[in-house]
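Please look through the structure below with its side chains displayed.

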Amino acid sequence: MNYLLCDSSILNSVEANVVQKSAKSCQQFRCDGCGRAYTRVDSLKRHQQKCDEFLASFQDRQEKLERLQQQEYYCNQCGKTYRRLDTLRRHQRLVCGDKESNHGLKVDKASL
């Protein structure tokens with residue numbers, strides 16, 4: 001800041017007030033879930049209601065995906081395991097020569 005003909009004590013108090021006001025207006029309230037910041041508490045509370053619902057549904061989808069990834073299908077003839085049923089069926093058709101049997105057993109890795 002460039003001031004002409006001003007007392008330095010007045011300048012310091014003016015600058016301090018400006019800094020104090022800007023610090024108050026920049027006070028931020030952060031969401032614990034996603035880290036988004038708000039200047040008003042009521043805005044944060046309104047956001048958190050939606051954010052909590054979103055995080056809960058996201059965690060449910062994540063758990064479901066993890067359960068699906070833990071499942072395996074295995075060939076009844078040779079014992080090879082596959083994560084996807086279509087891959088097992090292709091294996092049975094091409095490698096084991098089993099044209100009639102289109103299904104293998106489903107095994108949960110957690111139970112092994």
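F58 is partly exposed, with a relative accessibility of 40%; buried means under 20% relative accessible area, exposed over 50%, and partly exposed in between, using a 1.4 Å probe and protein chains only. F54 is also partly exposed, at 48%. This is a predicted model, in which local features need pLDDT of at least 70 and side-chain atom pairs count only at pLDDT 80 or more, while totals for chains, interfaces and linings use all residues. Residues are numbered from 1 along each chain as its sequence is written, and side-chain values use heavy atoms, with hydrogens and water left out.

A search of the whole structure returns one aromatic pair. F54 and F58 form this pair, which is stacked, with 6.4 Å from centre to centre and 20 degrees between the planes. Rings of Phe, Tyr and Trp (its six-membered ring) pair if their centres lie within 6.5 Å; planes under 30 degrees apart count as stacked, over 60 as edge-to-face and the rest as tilted. Both residues belong to helix α2 (residues 41–70), and because they are four residues apart there, about one helical turn separates F54 from F58. Helices (H or I, at least four residues) are DSSP runs numbered from the N terminus.

How many disulfides does the structure hold? There are zero, a disulfide being a pair of cysteine sulfur atoms within 2.5 Å. C75 is in none, and its nearest cysteine sulfur, that of C96, lies 3.7 Å away. C75 is buried, at 1% relative accessibility. For C78, the closest cysteine sulfur is in C75, at 3.8 Å, which is too far for a bond. C78 is partly exposed, with a relative accessible area of 43%.

Key
Helix = DSSP H or I, 4+ residues; strand = E, 2+ residues; numbered from the N terminus.
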